[in-house]
Amino acid sequence: MLPERVTSQTTLNSSGIKTLTFSCKIDLETGNISDHQIRNGIINNLSHFTYEEAEIQKNSDFELLKRIREAHLKFRNSNGHLNFSFPRGLAQFDPEKKKILVKLDDHDLLMKKVVAEMMIIAGRIAGEYLKEHKICGPFRNHICNICEFGDSILEKYEVLKGVQNASIDFIPRKHESMGLDVYVKVTSPLRRYLDLVTHKILKQKYTGVYGKNWFENNLESIHRQELYNKRLATNVNRYWIEKFIWQQEKENPDQIWTLTPLEKLKDDLWMVQVNEVQNNFMVAMKSKKLDLGENFKSKIVGKAYETFMKFEPIK
């Protein structure tokens, strides 16, 4: 991330902000995009809403955004889109109380889904623009041989074990699991280098230094670093959430946890989801009568092998 002194130069309540804009004509019945433009623009009258505040707004613009989201998602579903996502808790630190907190994923909020779909539309527009103008870019692609699966945590866990990460190429290819013929990430230039590269290309209307040779020499290593950063962030978050669990145990030794067993690994080790924090952990349990995917109550009784949390099911 860039320093705050850089990112705070423009605020959400400012007017006259110059920025790169993505616009399109979309059919509200089918989700088809018939025309699109990427150009420099000026944004005025910005307002700041949390997802919860936006959820209760009785505003015609918000209602239109919801319709756009429904139409575009319908288009992607008809084109093979698969939803791999499920809720994930996020570890946070309260400096006043000097305690670790866990913010649960509010994935059911409709406006959060709307924002996510708008970002996907921007990525689709960027990809189609680069493809039409025969400009190299970091095109995301994914080959997926899975047709469908259920929404349960267990089913998604089983599917994700066999699904490879999306790839990146400077040649446009289909992103099957997103249901898009072409897709480029563009919505996070402050934290993803390739998004920043794409913004530079789109503003220049040509590749400049970011031509075929640049992508051939740099794309693989940048993508590898991107995947490493993603895994690191996941593991760091899990580390602090486990600290939170032990913090809760210290404050309340009678704490009850709801676990969902996902996989029996070996001996007394299991992969489970701890539902109160929406995260998966490898834990120790000696019970052999656990049904995969079925929730059960348990208590922490210590550590196993000096590493894993040890749970005991409550009978």
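Is Arg 192 buried or exposed? Arg 192 counts as buried, because its relative accessibility is 12% (buried means under 20% relative accessible area, exposed over 50%, partly exposed in between, with a 1.4 Å probe and protein chains only).

1. Basis. This is a predicted model, in which local features need pLDDT of at least 70, side-chain atom pairs count only at pLDDT 80 or more, and totals for chains, interfaces and linings use all residues. Residues are numbered from 1 along each chain as its sequence is written, and side-chain values use heavy atoms, with hydrogens and water left out.

2. Arg 192 and its partner. The side chain of Arg 192 meets that of Asp 195 in a salt bridge, 2.9 Å from N to O (a salt bridge is a side-chain nitrogen of Lys or Arg within 4 Å of a carboxyl oxygen of Asp or Glu). Asp 195 is buried, because its relative accessible area is 0%. Salt bridges that share partners also join Glu 158, Lys 161 and Glu 263 into one network. By this rule the count comes to 12 salt bridges.

3. A bridge between distant parts. Glu 263 forms a salt bridge with Lys 161, and the closest N and O atoms are 3.4 Å apart. This pair links distant parts of the chain: Glu 263 lies in strand S7 and Lys 161 in helix H5 (residues 153–161), 102 residues apart. Helices (H or I, at least four residues) and strands (E, at least two) are DSSP runs, numbered from the N terminus. Glu 263 counts as partly exposed because its relative accessibility is 21%. Lys 161 also counts as partly exposed, at 46% relative accessibility.

4. A further salt bridge. Asp 169 and Arg 173 meet through their side chains, at 3.0 Å from N to O. Asp 169 is buried, with a relative accessible area of 16%, whereas Arg 173 counts as partly exposed at 39%.

5. Thr 260. This residue is found in strand S7 (residues 257–266). Why does Thr 260 count as buried? Thr 260 counts as buried because its relative accessibility is 4%. Leaving aside neighbours within four places in sequence, Thr 260 is in contact with residues including Met 271, Val 272, Gln 273 and Asn 275 (contact means heavy atoms within 4.5 Å). The side chains of Thr 260 and Asn 275 make a polar contact at 3.1 Å. From C-alpha to C-alpha, Thr 260 and Phe 86 are 14 Å apart in space, and they are 174 residues apart in sequence. A polar contact is a pair of N or O atoms within 3.5 Å; within protein, one must be able to donate a hydrogen and the other to accept it, and residues adjacent in sequence count only if both atoms are side-chain atoms.

6. Helix H3. H3 (residues 60–78) has 19 residues and reaches 27 Å from its first C-alpha to its last, close to the 27 Å expected at 1.5 Å a residue (the expected span is 1.5 Å times one less than the number of residues). Among its buried residues are Phe 62, Ile 68, Leu 73 and Phe 75. The cover over the buried residues of H3 includes strand S1 (17–26), strand S2 (33–43), helix H2 (51–55) and helix H4 (110–132). Just after H3, Gly 80 takes a positive phi of about 100 degrees.

7. Trp 240. Trp 240 sits in helix H7 (residues 212–251). Trp 240 is partly exposed, because its relative accessible area is 41%.
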